[in-house]
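Try each task before you read its solution.

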Amino acid sequence: MENNHFVSVIIPCRNEEKYIKNCIESVINQSYPKDKLEILIIDGMSNDKTRDIIKKYEEKYSFIKLLDNPKKIVPTAMNIGIKNAKGDIIIRMDAHAEYPDDYISKIVYWLEKSGADNVGGIWITRPGSNTLIAKSIALALSSPFGVGNALFRIGVKEPREVDTVPFGAYRKEVFDKIGLFDEEFIRNQDDELNLRLLRNGGKILLIPDIVSYYYARDSLSKLWRMYFQYGYWKVRVIQKHKIPASLRHLVPISFILSIVGSMIVGLFYEIGFYLLGVIIILYVLTSFIFSFKDAIKQGLRYLPVLPLVFSTIHFAYGFGFLKGIWDFIIRKKYKNNKIQDMELTR
(Lines give C-alpha, C1' and ligand atoms only; values in the text may rest on other atoms or scores of the structure.)
Protein backbone atom coordinates (compact mmCIF):
# COMPACT_ATOMS: atom_id res chain seq x y z
CA MET A 1 0.00 0.00 0.00
CA GLU A 2 1.23 3.47 -0.82
CA ASN A 3 1.32 5.74 2.20
CA ASN A 4 -0.57 8.66 0.70
CA HIS A 5 -2.24 9.77 3.92
CA PHE A 6 -0.76 12.35 6.25
CA VAL A 7 -1.29 11.12 9.82
CA SER A 8 -1.64 13.29 12.91
CA VAL A 9 -1.06 11.39 16.15
CA ILE A 10 -2.64 13.15 19.14
CA ILE A 11 -1.44 12.16 22.61
CA PRO A 12 -3.25 13.72 25.59
CA CYS A 13 -1.17 13.50 28.75
CA ARG A 14 -0.81 14.79 32.29
CA ASN A 15 1.82 13.78 34.86
CA GLU A 16 3.06 10.83 32.84
CA GLU A 17 6.81 10.99 33.55
CA LYS A 18 6.83 7.24 34.22
CA TYR A 19 5.38 6.31 30.82
CA ILE A 20 5.70 9.18 28.34
CA LYS A 21 9.22 8.35 27.17
CA ASN A 22 8.40 4.78 26.16
CA CYS A 23 5.18 5.96 24.53
CA ILE A 24 6.96 8.57 22.40
CA GLU A 25 9.74 6.13 21.49
CA SER A 26 7.17 3.59 20.31
CA VAL A 27 5.58 6.22 18.05
CA ILE A 28 8.93 7.46 16.73
CA ASN A 29 9.85 3.88 15.84
CA GLN A 30 6.77 3.42 13.67
CA SER A 31 7.41 2.08 10.18
CA TYR A 32 5.13 4.74 8.73
CA PRO A 33 7.07 7.43 6.78
CA LYS A 34 8.08 10.32 9.02
CA ASP A 35 7.43 12.88 6.27
CA LYS A 36 3.77 11.79 6.43
CA LEU A 37 3.55 11.95 10.21
CA GLU A 38 3.23 14.47 13.01
CA ILE A 39 3.00 13.82 16.74
CA LEU A 40 1.03 16.37 18.75
CA ILE A 41 1.42 15.89 22.50
CA ILE A 42 -1.21 17.85 24.39
CA ASP A 43 -0.10 18.27 27.99
CA GLY A 44 -2.52 19.08 30.81
CA MET A 45 -0.03 21.35 32.60
CA SER A 46 1.91 18.51 34.20
CA ASN A 47 3.71 19.34 37.43
CA ASP A 48 6.17 16.45 37.29
CA LYS A 49 8.94 15.89 34.71
CA THR A 50 6.59 15.07 31.83
CA ARG A 51 6.97 18.41 30.05
CA ASP A 52 10.78 18.35 30.32
CA ILE A 53 10.87 14.91 28.73
CA ILE A 54 8.57 15.97 25.89
CA LYS A 55 10.54 19.16 25.20
CA LYS A 56 13.74 17.16 24.67
CA TYR A 57 11.98 15.12 21.99
CA GLU A 58 10.46 18.27 20.48
CA GLU A 59 13.95 19.78 20.13
CA LYS A 60 15.28 16.64 18.48
CA TYR A 61 12.43 15.76 16.11
CA SER A 62 10.75 18.30 13.85
CA PHE A 63 7.54 16.24 13.62
CA ILE A 64 6.92 16.35 17.39
CA LYS A 65 5.09 19.31 18.90
CA LEU A 66 4.09 20.08 22.50
CA LEU A 67 0.82 21.96 23.04
CA ASP A 68 -0.72 23.18 26.30
CA ASN A 69 -4.07 22.04 27.69
CA PRO A 70 -4.98 24.42 30.55
CA LYS A 71 -8.27 22.59 31.27
CA LYS A 72 -6.27 19.37 31.86
CA ILE A 73 -8.94 16.90 30.70
CA VAL A 74 -8.75 14.50 27.74
CA PRO A 75 -11.61 15.81 25.53
CA THR A 76 -10.13 19.31 25.63
CA ALA A 77 -6.73 17.90 24.72
CA MET A 78 -8.20 16.01 21.79
CA ASN A 79 -9.97 19.11 20.48
CA ILE A 80 -6.79 21.18 20.73
CA GLY A 81 -4.98 18.48 18.81
CA ILE A 82 -7.64 18.14 16.11
CA LYS A 83 -7.76 21.89 15.55
CA ASN A 84 -3.98 21.99 15.10
CA ALA A 85 -3.66 18.76 13.12
CA LYS A 86 -2.50 18.80 9.50
CA GLY A 87 -3.34 15.17 8.77
CA ASP A 88 -6.34 13.75 6.96
CA ILE A 89 -6.20 10.86 9.47
CA ILE A 90 -6.32 11.50 13.21
CA ILE A 91 -5.05 8.80 15.58
CA ARG A 92 -5.77 9.19 19.28
CA MET A 93 -3.04 7.58 21.37
CA ASP A 94 -2.66 7.31 25.12
CA ALA A 95 0.53 8.26 26.97
CA HIS A 96 -0.07 5.31 29.28
CA ALA A 97 0.51 2.86 26.43
CA GLU A 98 3.04 1.59 23.90
CA TYR A 99 2.51 0.67 20.25
CA PRO A 100 4.18 -1.92 17.97
CA ASP A 101 6.13 -0.41 15.07
CA ASP A 102 3.46 -1.42 12.53
CA TYR A 103 0.56 0.10 14.49
CA ILE A 104 0.07 3.18 12.32
CA SER A 105 0.68 1.36 9.03
CA LYS A 106 -1.90 -1.29 9.88
CA ILE A 107 -4.48 1.18 11.10
CA VAL A 108 -4.14 3.33 7.96
CA TYR A 109 -4.33 0.21 5.78
CA TRP A 110 -7.57 -0.93 7.40
CA LEU A 111 -9.11 2.54 7.25
CA GLU A 112 -8.44 2.58 3.52
CA LYS A 113 -9.43 -1.04 2.88
CA SER A 114 -12.62 -1.11 4.94
CA GLY A 115 -13.99 2.34 4.31
CA ALA A 116 -14.67 2.60 8.05
CA ASP A 117 -14.74 5.97 9.81
CA ASN A 118 -12.90 4.75 12.91
CA VAL A 119 -10.55 1.78 13.21
CA GLY A 120 -8.95 0.41 16.36
CA GLY A 121 -7.46 -2.74 17.75
CA ILE A 122 -7.05 -5.03 20.71
CA TRP A 123 -5.98 -3.57 24.03
CA ILE A 124 -3.48 -5.80 25.86
CA THR A 125 -3.31 -4.75 29.50
CA ARG A 126 0.04 -4.71 31.27
CA PRO A 127 0.64 -4.11 35.00
CA GLY A 128 1.48 -0.55 35.99
CA SER A 129 4.20 -1.77 38.35
CA ASN A 130 5.82 -4.98 39.51
CA THR A 131 3.59 -5.56 42.53
CA LEU A 132 1.10 -8.38 43.03
CA ILE A 133 -1.75 -5.86 43.20
CA ALA A 134 -0.74 -4.19 39.92
CA LYS A 135 -0.39 -7.55 38.15
CA SER A 136 -3.75 -8.68 39.50
CA ILE A 137 -5.39 -5.47 38.25
CA ALA A 138 -4.00 -6.08 34.76
CA LEU A 139 -5.30 -9.64 34.86
CA ALA A 140 -8.76 -8.59 36.05
CA LEU A 141 -9.04 -5.95 33.31
CA SER A 142 -8.63 -8.69 30.71
CA SER A 143 -11.24 -10.96 32.27
CA PRO A 144 -14.89 -11.12 31.15
CA PHE A 145 -15.92 -11.07 34.81
CA GLY A 146 -14.02 -7.82 35.28
CA VAL A 147 -14.99 -5.95 32.13
CA GLY A 148 -17.97 -7.83 30.68
CA ASN A 149 -18.18 -8.13 26.90
CA ALA A 150 -15.82 -5.25 26.07
CA LEU A 151 -14.41 -6.96 22.97
CA PHE A 152 -11.32 -4.77 22.62
CA ARG A 153 -10.25 -5.98 26.09
CA ILE A 154 -11.11 -9.68 25.87
CA GLY A 155 -10.26 -10.07 22.17
CA VAL A 156 -11.83 -11.16 18.88
CA LYS A 157 -10.61 -13.54 16.18
CA GLU A 158 -11.61 -11.58 13.09
CA PRO A 159 -12.46 -7.97 12.11
CA ARG A 160 -15.75 -6.91 13.61
CA GLU A 161 -18.00 -3.87 13.67
CA VAL A 162 -18.32 -2.55 17.22
CA ASP A 163 -19.64 0.44 19.13
CA THR A 164 -16.26 1.73 20.32
CA VAL A 165 -12.51 1.04 20.13
CA PRO A 166 -9.53 2.30 22.13
CA PHE A 167 -6.96 4.61 20.54
CA GLY A 168 -8.94 4.81 17.32
CA ALA A 169 -7.97 6.31 13.97
CA TYR A 170 -10.55 8.67 12.50
CA ARG A 171 -10.87 10.23 9.11
CA LYS A 172 -10.58 13.95 9.88
CA GLU A 173 -13.72 14.66 7.86
CA VAL A 174 -15.66 12.79 10.57
CA PHE A 175 -15.20 15.74 12.94
CA ASP A 176 -16.58 18.14 10.35
CA LYS A 177 -19.67 15.95 10.15
CA ILE A 178 -20.38 15.10 13.81
CA GLY A 179 -18.42 17.75 15.72
CA LEU A 180 -15.49 17.53 18.13
CA PHE A 181 -15.20 15.75 21.48
CA ASP A 182 -17.77 16.87 24.04
CA GLU A 183 -15.78 18.66 26.73
CA GLU A 184 -18.45 18.00 29.34
CA PHE A 185 -17.18 14.43 29.67
CA ILE A 186 -14.12 13.90 31.84
CA ARG A 187 -14.61 10.18 31.19
CA ASN A 188 -16.43 8.27 28.45
CA GLN A 189 -15.64 10.96 25.88
CA ASP A 190 -14.63 8.31 23.31
CA ASP A 191 -17.87 6.39 23.87
CA GLU A 192 -19.91 9.57 23.49
CA LEU A 193 -18.14 10.59 20.28
CA ASN A 194 -18.43 7.11 18.80
CA LEU A 195 -22.13 7.05 19.64
CA ARG A 196 -22.60 10.24 17.61
CA LEU A 197 -20.55 8.70 14.82
CA LEU A 198 -22.75 5.60 14.65
CA ARG A 199 -25.93 7.66 14.80
CA ASN A 200 -24.73 9.59 11.78
CA GLY A 201 -24.25 6.42 9.75
CA GLY A 202 -20.58 5.89 10.59
CA LYS A 203 -18.76 2.59 10.88
CA ILE A 204 -16.35 1.53 13.66
CA LEU A 205 -14.14 -1.49 13.07
CA LEU A 206 -12.16 -3.58 15.58
CA ILE A 207 -9.15 -5.36 14.04
CA PRO A 208 -7.53 -8.18 16.05
CA ASP A 209 -4.17 -7.78 14.27
CA ILE A 210 -3.85 -4.20 15.53
CA VAL A 211 -2.53 -4.29 19.08
CA SER A 212 -1.60 -1.73 21.72
CA TYR A 213 -0.15 -2.30 25.17
CA TYR A 214 -1.84 -0.35 27.93
CA TYR A 215 -0.41 0.05 31.44
CA ALA A 216 -3.19 -0.28 33.99
CA ARG A 217 -3.51 1.56 37.28
CA ASP A 218 -1.18 0.09 39.86
CA SER A 219 -3.27 0.49 43.03
CA LEU A 220 -6.80 -0.25 44.12
CA SER A 221 -7.41 3.40 45.03
CA LYS A 222 -6.52 4.57 41.51
CA LEU A 223 -8.59 1.76 40.02
CA TRP A 224 -11.56 2.77 42.20
CA ARG A 225 -11.39 6.43 41.13
CA MET A 226 -11.17 5.52 37.47
CA TYR A 227 -14.14 3.12 37.49
CA PHE A 228 -16.19 5.42 39.70
CA GLN A 229 -15.78 8.09 37.01
CA TYR A 230 -16.65 5.60 34.25
CA GLY A 231 -19.92 4.73 35.99
CA TYR A 232 -20.68 8.35 36.85
CA TRP A 233 -20.25 9.74 33.34
CA LYS A 234 -21.96 6.79 31.66
CA VAL A 235 -25.22 8.04 33.19
CA ARG A 236 -24.75 11.43 31.54
CA VAL A 237 -24.04 9.82 28.14
CA ILE A 238 -27.23 7.77 28.44
CA GLN A 239 -29.23 10.80 29.58
CA LYS A 240 -27.85 13.24 27.03
CA HIS A 241 -28.47 10.97 24.06
CA LYS A 242 -31.66 9.37 25.40
CA ILE A 243 -30.44 5.83 24.80
CA PRO A 244 -31.03 2.68 26.85
CA ALA A 245 -28.03 1.41 28.77
CA SER A 246 -26.54 -1.85 27.59
CA LEU A 247 -26.68 -4.84 29.91
CA ARG A 248 -23.02 -4.61 30.91
CA HIS A 249 -23.51 -1.04 32.13
CA LEU A 250 -26.49 -2.01 34.29
CA VAL A 251 -25.04 -5.09 35.99
CA PRO A 252 -22.93 -3.29 38.66
CA ILE A 253 -25.69 -0.85 39.65
CA SER A 254 -28.25 -3.67 39.70
CA PHE A 255 -25.97 -5.64 42.02
CA ILE A 256 -25.59 -2.72 44.43
CA LEU A 257 -29.30 -1.91 44.39
CA SER A 258 -30.12 -5.56 45.10
CA ILE A 259 -27.88 -5.45 48.19
CA VAL A 260 -29.30 -2.16 49.43
CA GLY A 261 -32.86 -3.23 48.65
CA SER A 262 -32.57 -6.55 50.46
CA MET A 263 -31.08 -4.77 53.50
CA ILE A 264 -34.01 -2.37 53.60
CA VAL A 265 -36.50 -5.22 53.26
CA GLY A 266 -34.62 -7.02 56.03
CA LEU A 267 -35.42 -4.20 58.44
CA PHE A 268 -39.09 -5.13 58.16
CA TYR A 269 -39.13 -8.74 57.00
CA GLU A 270 -36.65 -11.50 57.84
CA ILE A 271 -36.65 -12.74 54.25
CA GLY A 272 -34.72 -9.63 53.24
CA PHE A 273 -31.61 -10.78 55.10
CA TYR A 274 -31.94 -14.27 53.64
CA LEU A 275 -32.06 -12.69 50.20
CA LEU A 276 -29.02 -10.56 51.05
CA GLY A 277 -27.13 -13.67 52.07
CA VAL A 278 -28.00 -15.44 48.82
CA ILE A 279 -26.86 -12.43 46.74
CA ILE A 280 -23.54 -12.15 48.57
CA ILE A 281 -22.86 -15.89 48.45
CA LEU A 282 -23.59 -16.04 44.71
CA TYR A 283 -21.32 -13.06 44.04
CA VAL A 284 -18.46 -14.40 46.16
CA LEU A 285 -18.79 -17.83 44.56
CA THR A 286 -18.84 -16.41 41.02
CA SER A 287 -15.88 -14.16 41.81
CA PHE A 288 -13.92 -17.10 43.19
CA ILE A 289 -14.66 -19.26 40.13
CA PHE A 290 -13.44 -16.59 37.71
CA SER A 291 -10.49 -15.76 39.96
CA PHE A 292 -9.46 -19.42 40.05
CA LYS A 293 -9.90 -19.72 36.28
CA ASP A 294 -7.68 -16.67 35.64
CA ALA A 295 -5.17 -17.50 38.36
CA ILE A 296 -4.64 -21.07 37.19
CA LYS A 297 -3.20 -19.66 33.95
CA GLN A 298 -0.92 -17.08 35.54
CA GLY A 299 -0.18 -18.44 39.00
CA LEU A 300 -2.18 -19.28 42.11
CA ARG A 301 -0.58 -16.35 43.97
CA TYR A 302 -3.19 -14.17 42.23
CA LEU A 303 -6.12 -16.14 43.66
CA PRO A 304 -6.44 -14.28 46.99
CA VAL A 305 -6.10 -10.87 45.31
CA LEU A 306 -8.31 -11.15 42.23
CA PRO A 307 -11.64 -11.19 44.13
CA LEU A 308 -10.61 -7.92 45.78
CA VAL A 309 -9.79 -6.36 42.40
CA PHE A 310 -13.03 -7.59 40.82
CA SER A 311 -15.07 -6.15 43.69
CA THR A 312 -13.23 -2.83 43.39
CA ILE A 313 -14.16 -2.60 39.70
CA HIS A 314 -17.79 -3.62 40.22
CA PHE A 315 -18.53 -1.54 43.32
CA ALA A 316 -16.71 1.55 42.04
CA TYR A 317 -18.60 1.49 38.74
CA GLY A 318 -21.88 0.75 40.49
CA PHE A 319 -21.55 3.53 43.07
CA GLY A 320 -20.36 5.92 40.37
CA PHE A 321 -23.44 5.06 38.31
CA LEU A 322 -25.62 5.59 41.38
CA LYS A 323 -24.09 9.02 42.04
CA GLY A 324 -24.57 9.86 38.36
CA ILE A 325 -28.28 9.06 38.67
CA TRP A 326 -28.47 11.31 41.73
CA ASP A 327 -26.56 14.21 40.15
CA PHE A 328 -27.80 14.13 36.57
CA ILE A 329 -31.28 12.63 36.71
CA ILE A 330 -32.59 13.56 40.16
CA ARG A 331 -30.74 16.84 40.87
CA LYS A 332 -30.44 17.71 37.16
CA LYS A 333 -26.99 19.07 37.90
CA TYR A 334 -26.14 19.43 34.23
CA LYS A 335 -28.65 22.27 33.76
CA ASN A 336 -26.65 24.84 35.70
CA ASN A 337 -23.56 24.25 33.56
CA LYS A 338 -21.40 24.15 36.67
CA ILE A 339 -20.44 20.50 36.75
CA GLN A 340 -17.20 20.57 38.71
CA ASP A 341 -14.25 18.54 37.55
CA MET A 342 -13.99 15.35 39.54
CA GLU A 343 -10.62 14.46 40.99
CA LEU A 344 -8.28 13.55 38.15
CA THR A 345 -6.81 10.08 38.43
CA ARG A 346 -3.39 11.12 37.23
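**Exercise 1.** Does Lys72 count as buried, partly exposed or exposed, and at what relative accessibility?

*Solution.* Before starting, note that this is a predicted model, in which local features need pLDDT of at least 70 and side-chain atom pairs count only at pLDDT 80 or more, while totals for chains, interfaces and linings use all residues. Residues are numbered from 1 along each chain as its sequence is written, and side-chain values use heavy atoms, with hydrogens and water left out.

Step 1: recall the cut-offs, with buried meaning under 20% relative accessible area, exposed over 50% and partly exposed in between (1.4 Å probe, protein chains only).
Step 2: Lys72 has 37% relative accessibility, so Lys72 counts as partly exposed.
Step 3: locate Lys72 in the loop between β3 (64-68) and α3 (74-84). Helices (H or I, at least four residues) and strands (E, at least two) are DSSP runs, numbered from the N terminus.

**Exercise 2.** Characterise the packing of helix α12 against helix α13.

*Solution.* Step 1: two packed helices are described by the angle between their axes and the distance between the axes.
Step 1: the axes of α12 (residues 271-298) and α13 (residues 306-330) come within 9 Å and cross at roughly 120 degrees. Here axes are lines fitted to C-alpha atoms, for helices over the stretch in contact, and angles run from 0 to 180 degrees between N-to-C directions.
Step 2: the two helices α12 and α13 are therefore oblique to each other, given that angles under 35 degrees count as roughly parallel, over 145 as roughly antiparallel, 65 to 115 as roughly perpendicular and the rest as oblique.
Step 3: list the contacts (heavy atoms within 4.5 Å). On the α12 side are Tyr283, Ser287, Phe290, Ser291, Asp294 and Ala295, which meet Leu306, Pro307, Phe310, Ser311 and His314 of α13.

**Exercise 3.** Classify the ring pairs Trp123 with Tyr214 and Phe288 with Phe292.

*Solution.* Step 1: rings of Phe, Tyr and Trp (its six-membered ring) pair if their centres lie within 6.5 Å; planes under 30 degrees apart count as stacked, over 60 as edge-to-face and the rest as tilted. The whole structure holds 26 aromatic pairs.
Step 1: with ring centres 4.4 Å apart and planes at 90 degrees, Trp123 and Tyr214 are edge-to-face.
Step 2: this pair links distant parts of the chain, with Trp123 in strand β6 (residues 118-126) and Tyr214 in strand β9 (residues 204-215), 91 residues apart. Trp123 is buried at 8% relative accessible area, and Tyr214 is buried at 6%.
Step 3: Phe288 and Phe292 have centres 6.4 Å apart and planes at 25 degrees, so this pair is stacked. Phe288 and Phe292 both lie in α12, 4 residues apart, about one turn of the helix. Phe288 is partly exposed at 43%, and Phe292 is partly exposed at 38%.
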